Amino acid sequence: MSDCVLFASLFAAYAVAHTETAGGPTALMLFDRSFVLIETLVLLTSSFTCGIAVLCAKRKNVLGLWLSLGATLVLGLTFLAMELGEFAKLIHEGSGPDVSAFLSSYFTLVGTHGLHIFVGILWILVLLVHLGVRGIQASTTTRLMLFSLFWHFLDIVWICIFSLVYLFGSISL
Amino acid sequence: MDMHFLSGVSVWLHFTMTTSSTHSKKDRASTVGIASYTIGFAISLVLTLLSFLVAPFVGILAAPMIVILAIVQLFVQLLFFLHLGSERGGHLTIVLLGFAAGIIGILIIGTLWIMSNLSHLHRSTPTTQDIYQGGVVAPQNELH
């Protein structure tokens, strides 16, 4: 819930600042729709594999759990790599967060989401290590439920980001 | 053949419904187990692709469409992935969601209102040069 409030305030800041481009690049120039579509599909699929992982834990299916949790990890890493690549490219061509209010708020909003994804990835790694060392325990189902809550929440925030930031930006609003 | 298929489906349904201990018997079968995640994934996929297709073509009219698609997808993911609202007696969940939506709404709408107010007010502030013309306070800027 407090994470919701955090993202809401970052969205509000972006809503206020997104027109202040200070003579620099605008959203129309910067956002590549097909790239964002691939990012979105990667994250959506990782949300799906996360759900499968929860089911595997409930049914004590060890192989399924390894595979689905591993798939979630790989997809999460792919998403993060794509996002970091985009950030690096923007900064390299001179559209970093220091250029205008629009870019500052964009980098903060999307960057905070990326940071949450990174923490989620660390969480998956801990879960996998625990699974490898101890196998499925009584607590595994609970842990996976909690992780899946976090991961699904991140996908929901991404729905808002890709709709309101990327799609709105690319239709010159 | 038909009987085999039907009995297989009923066994599968029974299996998915009884192996999840966190769901009560009151949940619909479509919001439980593998069916829940598959349906949720499929619907979200369709909604996402729709959003991306609508964006370049309709122009400014696409804005409300994208918002509606996003909100629908949000609820689809809440229901099918997070299972928030699939219980028959889950009124508390809806109230909590409404509360969260209210807080977020106050935050965002309030911010936009205040900031637009501020930028409007600051637009008509005269500069120091306007106030002092020729070494004296210009008549229109004198305080009475």
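Predicted model: local features only at pLDDT ≥ 70, side-chain atom pairs only at ≥ 80, totals over all residues.
Residues are numbered from 1 along each chain as its sequence is written, and chains are lettered from A in the order in which they are written. Local features need pLDDT of at least 70, side-chain atom pairs count only at pLDDT 80 or more, and totals for chains, interfaces and linings use all residues, while side-chain values use heavy atoms, without hydrogens and water.

Biologist: What is the area buried between chain A and chain B?

Modeller: Buried area is the accessible area (1.4 Å probe) that two parts lose on being put together, summed over both. Carbon and sulfur atoms give 85% of the area here. Leu44(A), Phe48(A) and Arg59(A) supply 16% of chain A's part, more than any other three residues. The total is about 3,400 Å².

Biologist: How many salt bridges does the rule find across the interface of chain A and chain B?

Modeller: The rule wants a side-chain nitrogen of Lys or Arg within 4 Å of a carboxyl oxygen of Asp or Glu. By class, the side of chain A that touches chain B has 26 nonpolar, 8 polar and 4 charged residues. The salt-bridge count is 0.

Biologist: What is the volume of the largest cavity?

Modeller: A cavity is a set of points on a 1 Å grid over the protein atoms alone where a 1.4 Å probe fits but cannot get out. The search finds 1 cavity of 30 Å³ or more. Its lining includes His130(A) and Arg143(A). Volume is the space filled by probe spheres set on the points, joined across faces, edges and corners; for the largest cavity it is about 60 Å³.

Note on methods
Nonpolar A, V, L, I, M, F, W, Y, C, P; charged D, E, K, R; others polar. 1 Å grid on protein atoms, 1.4 Å probe; cavity = no way out; pocket = protein on both sides within 12 Å on 5 of 7 lines; lining within 4 Å.
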